[in-house]
Amino acid sequence: MAAQTQRAVLAGGCFWGMEDLIRRLPGVTATRVGYTGGDVPNATYRNHGTHAEAIEILFDPAGTDFRTILEFFFQIHDPSTKNRQGNDLGLSYRSAIYYVDDEQKRIAEDTIADVNASGLWPGEVVTEVEPVGPFWEAEPEHQDYLLRYPDGYTCHFPRPGWRLPARTEG
């Protein structure tokens, strides 16, 4: 029997750049961008209240795992800037992990501790770790945006040579 697809929901700034890079990871089977973590039902680009721009990721656990996705997430955005990525400022652009179960919460907290211990970023991680709530899919023009406009705006980049070491106990 094939393994069941798992879900991850992450926010790390503008959802276009996040989706463009994460969709390419081995084991990722689908992505969509939208709004989550806020106060407006049926959120839209023009009215998303306190929601973050986020990406919903479906992945095959035989091809990747949540920890691997989080390590890449921390490589492609700066988790030490509160409510900001690149030129994008505001609550919509915060860093957040919306966990679907207690295991994802544990992995998220452990990964954040590893990022903080690594010194790979200039400051402490400000990434929120919250239970997943409603995910409001963004409008069609925001889906797959950088596939349609390859020279479009992004503030997400893989950092060459960036590898997250696990903390040593001691």
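Mentor: A cavity is a set of points, on a 1 Å grid over the protein atoms alone, where a 1.4 Å probe fits but cannot get out, and its lining residues have an atom within 4 Å of a point. This is a predicted model, in which local features need pLDDT of at least 70, side-chain atom pairs count only at pLDDT 80 or more, and totals for chains, interfaces and linings use all residues. Residues are numbered from 1 along each chain as its sequence is written, and side-chain values use heavy atoms, with hydrogens and water left out.

Trainee: Which residues line the largest cavity?

Mentor: The lining consists of Thr81, Lys82, Asn83, Arg94, Ser95, Val126 and Glu128. The structure holds 1 cavity of 30 Å³ or more, and the space in the largest cavity is about 30 Å³; a volume is the space filled by probe spheres set on the points, which are joined across faces, edges and corners.

Trainee: How many residues of that lining are nonpolar, polar and charged?

Mentor: Ala, Val, Leu, Ile, Met, Phe, Trp, Tyr, Cys and Pro count as nonpolar, Asp, Glu, Lys and Arg as charged, and the others, Gly among them, as polar. Here the lining divides into 1 nonpolar, 3 polar and 3 charged residues.

Trainee: What is the phi of asparagine 83, and where is this residue placed?

Mentor: Asparagine 83 has a positive phi near 55° although it is a residue other than glycine. Its place is the loop between α2 (66-76) and β4 (84-85); helices (H or I, at least four residues) and strands (E, at least two) are DSSP runs, numbered from the N terminus.

Trainee: Why does asparagine 83 count as partly exposed?

Mentor: Buried means under 20% relative accessible area, exposed over 50%, and partly exposed in between, with a 1.4 Å probe and protein chains only. Asparagine 83 counts as partly exposed because its relative accessibility is 22%. Asparagine 42 also has a positive phi, of about 55°, and is found in the loop between β2 (28-36) and β3 (52-59). Asparagine 42 counts as exposed because its relative accessibility is 55%.

Trainee: How many residues of α2 are buried, and what covers them?

Mentor: In α2, 9 of the 11 residues are buried, including Phe66, Arg67 and Ile69. Their cover includes β1 (6-12), α1 (15-22), β3, β6 (95-99) and α3 (102-118), where contact means heavy atoms within 4.5 Å.

Trainee: How many residues of α1 are buried?

Mentor: For α1 the count is 8 of 8, with Trp16 and Asp20 among them. The cover of α1 includes β1, β2, β3, α2 and α4 (145-148).

Terms used:
1 Å grid on protein atoms, 1.4 Å probe; cavity = no way out; pocket = protein on both sides within 12 Å on 5 of 7 lines; lining within 4 Å.
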